[in-house]
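Hi there,

Here is the structure I promised to pass on to you. Have a look at it first, and then read my notes below.

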Amino acid sequence: MSSQIVINSTHFVQETNSFVYVLPQAQAWAQGQMEISLSSFSAYNAFFNVSSKYSNTSVTIEWPSGASDWQSTTVELDPAFYDAAALSAKIKQICYDNAWFSTEAGVNLIYMTVGTSTYEYKNTITTYEVGASVIPPSGATWVQTTGGRAPRITLSSGLGAIIGFSAGVYGEVAGTYKSDLIPQVDQESSILVCAPTLVHSGGLSAVSSLIYSMAKNAAFGSLMTSPAHESVWHDVRPGQYQQITIELYGNNLTRLELQDTNVMIVLSLRRKRK
């Protein structure tokens with residue numbers, strides 16, 4: 001017979017980014033006495049893909065001015081989850097903030113967008129020429145160009161990877177640039193559940209405390225749940241225990257940073273069968 005241990009947001013420890021369940025009383029377990037498995041897991045997919053962890057929070061945009069000058073701004077992106085649409089919206093905001101647009105028939109025109117070419121499994125950056133006839137809007141500090149140039153954007157390797165672009169500068173020549181890499185909008189597509197104080201598989205395992213893994217099976221902001229599965233039992237290391245610690249890793253073997261700690265983890269603990 002197994003004991004069920006329920007771990008939820010009340011067990012989250014911010015300082016260590018882990019879940020700590022304090023046992024009702026201390027336990028002393030001998031070698032080969034106990035084993036553990038994960039019965040179920042549920043959590044919201046609230047993991048950011050832009051943050052200081054990935055060194056990808058910076059983006060630079062430049063706008064042509066006059067015959068050969070450029071205006072430039074480097075923006076630090078707030079930690080968040082960005083896809084092509086979200087990044088395009090951010091670029092639009094940056095352009096508005098710097099008066100890098102024009103107005104025709106009451107409509108504000110933006111000269112750089114990020115899009116998706118679904119059938120090609122690519123993303124795109126499209127820039128448009130700021131022609132000689134384009135009039136700066138009220139409050140702009142750039143001057144009318146002589147034409148022939150479009151805005152340009154500088155992407156770091158970390159930010160570019162999200163939409164599938166190598167690090168570099170894109171634009172200046174008007175046109176559509178297609179991603180040259182496979183877009184990695186979600187750098188961590190899987191979740192590894194680890195019990196570092198209880199389990200140590202040793203051997204060839206890169207994550208020796210792993211007790212369960214699953215794909216992120218819901219869109220950003222939606223609830224992920226573990227599918228029905230047969231229990232996989234892991235030997236509990238001998239020792240004295242006052243608590244059980246659970247840590248979450250991504251498929252890149254780095255700790256996941258939880259934005260929403262509203263989780264439900266159910267563990268099963270039993271005496272090992274002879």
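Let's start at one residue: I246 touches I7, S18, F19, V193, C194, A195, I211, I265 and L267, leaving out residues up to four places away in sequence. Touching, or contact, means heavy atoms within 4.5 Å.

Before going further, a word on where this comes from. This is a predicted model, in which local features need pLDDT of at least 70 and side-chain atom pairs count only at pLDDT 80 or more, while totals for chains, interfaces and linings use all residues. Residues are numbered from 1 along each chain as its sequence is written, and side-chain values use heavy atoms, with hydrogens and water left out.

Back to I246. Together with L267, I246 has the most contacts inside the largest nonpolar core, which has 34 residues. A nonpolar core here is a set of buried Ala, Val, Leu, Ile, Met, Phe, Trp, Tyr and Cys residues joined through side-chain atoms within 4.5 Å. Buried means under 20% relative accessible area, exposed over 50%, and partly exposed in between (1.4 Å probe, protein chains only). Several strands supply at least two residues each to this core, including strand 1 (2-8), strand 18 (239-250) and strand 19 (264-271). Strand 4 gives the most, with five residues. There is also a second, separate core of 30 residues, and W63, C95, V130 and W142 are among them.

Now for the whole thing. The protein has two helices and 19 strands (DSSP runs numbered from the N terminus: helices are H or I with at least four residues, strands are E with at least two). Its radius of gyration is 25 Å, well over the 19 Å that the globule rule gives for 274 residues, so the protein is more spread out than a compact globule. That radius is taken over C-alpha atoms, and the rule is 2.2 Å times the number of residues to the power 0.38. The C-alpha trace spans about 85 × 35 × 30 Å along its principal axes. Of the 274 residues, 45% count as buried.

P137 is buried, with a relative accessible area of 14%. Leaving aside neighbours within four places in sequence, P137 is in contact with A99, F101 and W142. T127 is 10 residues from P137 along the chain, and their C-alpha atoms are separated by 19 Å.

Cheers!
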